[in-house]
Amino acid sequence: MITALPILIPLMVVILLLMVGRKVYWLKLIGISGAFLLFLASLLIFYTVRQEGILVSQAGGWPAPYGITLVIDLLSALMLLISSFTAFLVGVYALKGIDEKRHRFRFFLFFHTLMMGVGGAFIAGDIFNMYVWFEVMLISSFVLLSLGGSKLQIEGTFKYVTINLVSSAFFLIGVGLLYSMTGTLNMAHLADVIPTIENQKMLTVVSLMFLICFGMKAAIFPLFFWLPASYHTPPISIAAVFAGMLTKVGIYSLLRVFTLMFIGNVAFTHTIILWIAGFTMVVGSLGAISQSDIRRILSFCLISQIGYMIFGLAVFTPLAIAGSVFYIMHHIIVKTNLFLVSGIIHKIKGSYNIKKLGGILNAYPFLSVLFLIPALSVAGIPPLSGFWSKLFVIKAALEQHYYLISIIALAVGLLTLFYMMKIWNEAFWKDDPEPNKKSDKMPWQNLFSRDFIFMIIPVLLLSGITIVIGIFPEPFFNIAERSAHELMNPEIYIKAVLGSTMN
Amino acid sequence: MEIMLSIITGVLYTAGVYLLLRRSLVKLILGIIFLSNATNLLIFISAGMTEGKPAFVAKEGAEQTGQMADPLPQALVLTAIVIGFGIVAFTLALNYKYHKQTGTYDLDQVKETDKV
């Protein structure tokens, strides 16, 4: 029963939100308490999974390969926990960060359908079911992206929609071909059946279909152009959810299928992933250097960080996968934080363009520190969380003698530091190019005034977590290691799902 | 039958990709529709077709007579059709809104969000 909560809670919230109509006060109240409830449920699920192992539930009571299975292993529980936590914080931020008009257009309703899709994708134990949750997530994200209907938003949405529909087509082709070869769609059963198939070459083709489709969603190297074209168009709260969560759903799916199902031809598939990872890192950071809009710099930065996550998957040792999982944990928190801070900067200064910004350090030293923490964390400066995540991934790669790509990863870390410092120099350090009405010094207490309190608290919490992970990485890494152990031994997953019905 | 459907699928994919690469937003949407329908057909064929047999299991106790069709791909295709339908409706609304704001369907004009 507890397994289905990540779907049921958002669904209930959506129904309630539909009933209150367009009363903004109620929409906000229900929306935010729903998000908090979801976080509590995820905490409960995480605790249960940590104590008792993989949770499995069969929808409708049909036994495993026939019915729809919901599975929560440690990775899913972890993703649920982090995503619902950041979603709650972004929800708090959105109370002030999103204008009344968009709240009246039911921002929170689509926010919760999005969370339903994300949660469903994390707990689906059936590949077609996963496709359906992906679509739930996508349709909500289409609406959120175009919510409010400004010209840039509509244009960004067009690009986003088109690329995602093509990727969904690839997903369905993969599902169809997989079914034709195995006669099953249950992921555990697939993992069980796949090694016995005669035509392993065709299976490699299918695995590449999944690589393309999840890769498009995760924004890996040749397929990332939609991301910087669309993520800077919506209000910052929406962009923060997308940047923090949606690409990570793609990474989660890649981790899932390439550790559970498509492990028959690792030398071929994971080498491809390795090169893609290298290119993603380099191209993403080069793109970030060329931009001058903070949101676009952060979008390209997101792409380059995606490279590190699939780098861990490509190296494919327990340490590397644990590094990947740790990286996802760190990155959801830090990237959401960076977007939220840039939203506060925009609210104060009225611009995202670093050429037009300036003098923030002088006027708002406290806010500047809040930017510096996630910025240095992304760049991998110890003792912040980014340092450990990079360390684990690169250490695993060096153990497997991937020297060239490790050097690339380290160099990209330097590039990351470079463009983060570019934002810092231009927006924070430089004198304000337009010294005007608001340039008088503002005490930090003002950030806790009624206008900013809802925006600053999420940022404070996220920065706090970054520091905590940085100083005490061990408990977090232990969880990552345990989930990597589960991922590297697919028979644990298979046994948990099929154990009761097969044999 | 399977060969014919395979050829139709191929033609649909070709037409879909061709339309996606044209310069008009309307044709882009048509291309998406073609792609999603081609994929639906692909699932239908690849799961294997059983002609003229129902997709029912015999009643409990009774003997299963002959082959039965696989009901699962049909359920999958049905789901995919419904999802595709919703998405096409959304894209059409988006297209309408975009045209109302800019007065153009030309894909070459859709470059505002990529400016540095």
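**Entry 1: Phe316(A)**

I looked up Phe316(A) and found that this residue is buried, because its relative accessible area is 18%. I note the cut-offs: buried means under 20% relative accessible area, exposed means over 50%, and partly exposed lies in between, with a 1.4 Å probe and protein chains only. The model is predicted: local features need pLDDT of at least 70, side-chain atom pairs count only at pLDDT 80 or more, and totals for chains, interfaces and linings use all residues. I also record that residues are numbered from 1 along each chain as its sequence is written, that chains are lettered from A and ligands numbered from 1 in the order in which they are written, and that side-chain values use heavy atoms, with hydrogens and water left out.

Phe316(A) lies in the loop between α13 (294-315) and α14 of chain A. I noted that helices (H or I, at least four residues) and strands (E, at least two) are DSSP runs, numbered from the N terminus. The phi of Phe316(A) is near 60°, a positive value in a residue other than glycine. Most residues other than glycine have a negative phi, and most peptide bonds are trans.

**Entry 2: other backbone features of chain A**

I then turned to His401(A), whose phi is near 65°, a positive value in a residue other than glycine. His401(A) sits in the loop between α17 and α18 (403-429) of chain A. Is His401(A) buried or exposed? It is exposed, because its relative accessible area is 54%.

I found a cis peptide bond between Pro382(A) and Pro383(A), with omega about 10°. Pro383(A) belongs to the loop between α16 (365-379) and α17 (385-399) of chain A.

**Entry 3: chain A as a whole**

I counted the secondary structure of chain A as 21 helices and two strands. The C-alpha trace of chain A spans about 75 × 55 × 40 Å along its principal axes. I compared the radius of gyration, which is taken over C-alpha atoms, with the globule rule of 2.2 Å times the number of residues to the power 0.38. For 503 residues a compact globule would have a value near 23 Å, and the 22 Å of chain A agrees.

Of the 503 residues of chain A, 65% count as buried. I looked at contacts (heavy atoms within 4.5 Å). Among those in chain A between residues at least 6 apart in sequence, 80% join residues at least 24 apart.

**Entry 4: the nonpolar core**

Which residues have the most contacts inside the largest nonpolar core? They are Ile127(A), Phe171(A), Met261(A), Phe262(A), Phe311(A) and Leu367(A), in a core of 226 residues. Helix α14 (residues 318-349) of chain A gives the most to this core, with 19 residues. I note that a nonpolar core is a set of buried Ala, Val, Leu, Ile, Met, Phe, Trp, Tyr and Cys residues joined through side-chain atoms within 4.5 Å.

I followed Met261(A) further. Leaving out residues up to four places away in sequence, Met261(A) touches Ile127(A), Leu178(A), Met187(A), Leu190(A), Ala191(A), Ile194(A) and Arg256(A).

**Entry 5: chain B as a whole**

I found three helices and zero strands in chain B. The radius of gyration of chain B is 20 Å, well over the 13 Å that the globule rule gives for 116 residues, so chain B is more spread out than a compact globule. Its C-alpha trace spans about 70 × 30 × 25 Å along the principal axes.

Of the 116 residues of chain B, 34% count as buried. Residues 24 or more positions apart account for 57% of the contacts in chain B with a separation of 6 or more.

I looked up Lys97(B), which lies in helix α3 (residues 71-102) of chain B. Lys97(B) counts as partly exposed because its relative accessibility is 34%. Which residues does Lys97(B) touch, not counting residues up to four places away in sequence? They are Gly149(A) and Ile154(A). Lys97(B) and Leu41(B) are 56 residues apart in sequence, and their C-alpha atoms are 31 Å apart in space.

Last, I looked up Asp108(B), which is in the segment after α3 of chain B. Asp108(B) is partly exposed, with a relative accessible area of 40%. Asp108(B) and Met68(B) are 40 residues apart in sequence and 51 Å apart in space, C-alpha to C-alpha.
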